[in-house]
Amino acid sequence: MKKLASYGVLLLIVVAATLVLRLTPIDYAAQDRDSTLAPSTAQHWTGTDELGRDRTVRVAAALLIGLAGATIAAVITTSIAAGFGLIAAFSHSAVADVLMFISDVFLSLPWLFLLMMARAMLPLTASPVQTAILTFLCLAALGWPACARVIYRGSVALRSSEWLIHGRACGLKTSQLIRLHLLPHLRPLLLPQFLICIPVFIVAEANLGSLGLGIGEPLPSWGAMLLELDNSALLAQSHWMYLPIALLVIVLFLLESLTSEEQNHA
Amino acid sequence: MNLLAIGVRRVARTLLLLLVVAAGATALVRFAPGFLSDEREMDAKYAQGVRSEMQTEGTRDQSVGSIVVREVRGWMKGDLGESRQFEVPVTELIAPRIKVSVLLLARGILFGWLLAICTAFPASVMRRGRQLWDLPFTLLLASPTAAMATICILADAGGPVLVLTLLIAARDFKFLSRVLREAWNSAHLLQGRAQGLGLAALTRLHILPNVAQRLRALATLSIVTALAALIPIEVIFNVPGFGQLAWSAVMNRDLPVLVAVSLLMAGVVALASMISTGAETLEAA
């Protein structure tokens, strides 16, 4: 029931954001220099930012970009982790040792530091769309090690199960065994790992953005909107500046609840 | 395999890991765009020929071989090389900052653990209203560190220790309450409770020995979480610590500082992990 409610509210927020972008004729980058930091009006429901850009449109776009980017990155990272974990579990122990050592190298550095280092070493003067792609690709490329370890342990536990030995005795190839038997059995591990990645990636993007390494302007992002909060003089003029952070916390809260539910079921 | 062999193998693995981290950080920075640029090239007072000469000299000076030689020489000398942006030995930069960050980390982890334990224990024995009890921690988990820090500054309340404490408490509470709930509902504990053992005896004799291994893992995880959170917290609160130095080194492609920072961070994580798994091995032996 709680799970359904969380999915429902999340879906409602996504639909609302999509409708805002579809129905509002204003572009997220369009500047209205005559009405900077405008209060709530019929034209700008939640006012404008310091460059006169419509806040509702920007928040809706940031929400969709963040969710879509994090979901795609989570799919990539879970796939890498699944591949890595399965190869390690079904290979010679030396190969497994090497693969687990590689994951240990990634895990030996704190996630945000590693992410920051990798992101800062990539081109910073790219177009906004390219920075968004680079940011989420970085997240996907560096988010898999912990997940791979979980899948490796799960696969090792399943390796000696009777149904797998039976399948092998029946002449099934390793690829068939993995596709037909192992992956369905690993689903209770893979789904929570995938769901965990989404809020983690959204938070990471916001933290990276607040350090000046996130998605480039004028593309809206949670990180850039967090940076807006740095200016307390502007905050006194418009309380609508708190809208992005409030919405971000609500979305992350729903995602965290869903993750907890899935983990409890697993 | 005897304990000594296991110990030697673990230490060798950790050293190899640190070597790979140092090599990775060097490669990442060396091949980053803009690493070879020199700000003097932008100065109009230098003629085109001089600028070309500077470029050639810079490229020669920054080849992978010369970087490695310089790094190793700095480490042998004990000053960890010279910072590219501050032009002082790296040790001079790191030493005062470590004190600041260690104090912040120690306070944050200690208070975070205390808060998590004090709240997770009632949550694990609670029959009703647990979701309501969990709510503030889920909300904290849903708040990015940078957002928490910014809100603290805006509200002019709390500081880096509070943000770190809340972050650690939120992460640890989730894990601790699950572990303690499992322990509390286990069959032997139910029997102990039925026999009338007091809470203190139950905790000392049954709960703690059962969850000790997972608590050690959580302690390692807390250190990693705190180290990662240190960067946005120190940058936003302008704390002159290790995290701020790491951020500045990354932004300015300061290779000697970055290698030292990476090695220190990886060393701390590896050491914490080694202590945690070492205790397990000793217990098993």
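**Two helical chains up close**

Trainee: What is the crossing angle of helix α2 (residues 55-89) and helix α6 (residues 144-159) of chain A?

Mentor: The axes of α2(A) and α6(A) cross at roughly 40 degrees and come within 7 Å. Axes here are lines fitted to C-alpha atoms, for helices over the stretch in contact, with angles running from 0 to 180 degrees between N-to-C directions. Keep in mind that this is a predicted model, where local features need pLDDT of at least 70, side-chain atom pairs count only at pLDDT 80 or more, and totals for chains, interfaces and linings use all residues. Residues are numbered from 1 along each chain as its sequence is written, chains are lettered from A and ligands numbered from 1 in the order in which they are written, and side-chain values use heavy atoms, leaving out hydrogens and water.

Trainee: Which label does that give α2(A) and α6(A)?

Mentor: They are therefore oblique to each other: under 35 degrees counts as roughly parallel, over 145 as roughly antiparallel, 65 to 115 as roughly perpendicular, and the rest as oblique.

Trainee: Which residues of α2(A) and α6(A) meet?

Mentor: On the α2(A) side they include A:Ile80, A:Phe84 and A:Leu86, and on the α6(A) side A:Trp144, A:Ile151 and A:Arg159 are among them. The contact divides into 13 nonpolar, 3 polar and 1 charged. Contact means heavy atoms within 4.5 Å; Ala, Val, Leu, Ile, Met, Phe, Trp, Tyr, Cys and Pro count as nonpolar, Asp, Glu, Lys and Arg as charged, and the others, Gly among them, as polar.

Trainee: How many helices and strands does chain A have?

Mentor: Chain A comes to 11 helices and 0 strands. Both are DSSP runs numbered from the N terminus: H or I with at least four residues for helices, E with at least two for strands. The C-alpha atoms of chain A fill a box of roughly 75 × 45 × 25 Å along the principal axes.

Trainee: Over to chain B: how do α7 (residues 160-184) and α9 (residues 199-237) pack?

Mentor: Their angle is about 150 degrees, with the axes 8 Å apart, and α7(B) and α9(B) are therefore roughly antiparallel. That contact has 21 nonpolar, 2 polar and 4 charged residues.

Trainee: And what about α4 (residues 90-125) of chain B against α9(B)?

Mentor: Those two pack at about 140 degrees, axes 9 Å apart, and are therefore oblique. Their crossing is right-handed. B:Trp113 and B:Phe121 are among the α4(B) residues there, and B:Leu215 and B:Ile223 are among those in α9(B).

Trainee: How much area do chains A and B bury between them?

Mentor: About 3500 Å², 75% of it on carbon and sulfur atoms. Buried area is the accessible area (1.4 Å probe) that two parts lose on being put together, summed over both. In residues, 43 of chain A are in contact with 44 of chain B.

Trainee: How many salt bridges cross that interface?

Mentor: The rule finds 2, requiring a side-chain nitrogen of Lys or Arg within 4 Å of a carboxyl oxygen of Asp or Glu. A:Glu256 forms one with B:Lys174, their closest N and O atoms being 3.5 Å apart.

Trainee: Where's the cis peptide bond?

Mentor: It joins A:Glu217 and A:Pro218, with omega about 10 degrees. A:Pro218 lies in the loop between α8 (174-210) and α9 (222-228) of chain A. In chain B, B:Glu87 has a positive phi near 55 degrees, and this residue is in the loop between α3 (64-77) and α4.

Technical notes. A crossing is left-handed if the near helix is turned anticlockwise from the far one by less than a right angle, and right-handed if clockwise.
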